[in-house]
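Here is a friendly walk through some helix packing and charge pairing. Have a look at the model first, and then we can go through it together.

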Amino acid sequence: MKANSLQERTTELSRQGQPPTFREAFRFWLKLGFISFGGPSGQIAMMHTELVEKKHWIANSRFLNALTFCILLPGPEAKHLAIFIGWLWHRTWGGTAAGGLFGVPSFFILWAWS
């Protein structure tokens with residue numbers, strides 16, 4: 001049992017790949033801010049699909065652990081998750097960029113519609 005879980009962990013880490021550069025992460029958060037207008041369930045699903053399944057920038061177990069932690073925090077868990085992942089990759093600047101780009105495009109879309 002122990003060897004099997006170690007093998008699964010090693011396989012998952014090998015699939016994770018390298019974290020993105022700040023520029024790649026910036027572009028991803030900007031894109032997510034513009035296309036993820038809606039509820040947190042859809043935003044979290046989009047983040048999981050892009051970050052874990054397609055780009056392999058973060059391991060599935062790390063993503064789910066971060067999501068579990070963010071659900072416990074008061075407020076919007078999808079935004080907390082974006083900030084945490086941004087911070088994980090690029091510390092203060094990454095968290096700030098992820099948090100800002102997650103919400104600001106929606107503000108401009110609503111402003112333009114009004």
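Which residues in α3 meet which residues in α4? From α3 come I44, M47, H48 and V52, and they meet N60, F63 and L67 in α4; contact here means heavy atoms within 4.5 Å. This is a predicted model, in which local features need pLDDT of at least 70 and side-chain atom pairs count only at pLDDT 80 or more, while totals for chains, interfaces and linings use all residues. Residues are numbered from 1 along each chain as its sequence is written, and side-chain values use heavy atoms, with hydrogens and water left out.

The contact of α3 with α4 divides into five nonpolar residues, two polar and no charged. In this count Ala, Val, Leu, Ile, Met, Phe, Trp, Tyr, Cys and Pro are nonpolar, Asp, Glu, Lys and Arg are charged, and the others, Gly among them, are polar. Helix α4 covers residues 60-72, and its axis comes within 10 Å of that of α3, crossing at roughly 155°. The two are therefore roughly antiparallel, a label for angles over 145 degrees. The crossing of α3 with α4 is right-handed.

Helix α2 (residues 22-35) packs on helix α5 (residues 77-113) at an angle of about 30°, with the axes 8 Å apart. That makes α2 and α5 roughly parallel, the term for angles under 35 degrees. Their crossing is right-handed. The contact of α2 with α5 has 17 nonpolar residues, five polar and no charged. Axes are lines fitted to C-alpha atoms, for helices over the stretch in contact, and angles run from 0 to 180 degrees between N-to-C directions.

**Salt bridges**

Side chains of opposite charge can pair when their charged atoms come close. The whole structure has two salt bridges, each a side-chain nitrogen of Lys or Arg within 4 Å of a carboxyl oxygen of Asp or Glu.

| Pair | N to O distance |
|---|---|
| K31 and E50 | 3.8 Å |
| K54 and E50 | 3.5 Å |

K31 lies in helix α2 and E50 in helix α3 (residues 40-54), so this pair ties together parts that are 19 residues apart in sequence. K54 and E50 are both in helix α3, four residues apart, and thus separated by about one helical turn. Salt bridges with shared partners join K31, E50 and K54 into one network.

How values were computed: Angles under 35 degrees count as roughly parallel, over 145 as roughly antiparallel, 65 to 115 as roughly perpendicular and the rest as oblique. A crossing is left-handed if the near helix is turned anticlockwise from the far one by less than a right angle, and right-handed if clockwise.
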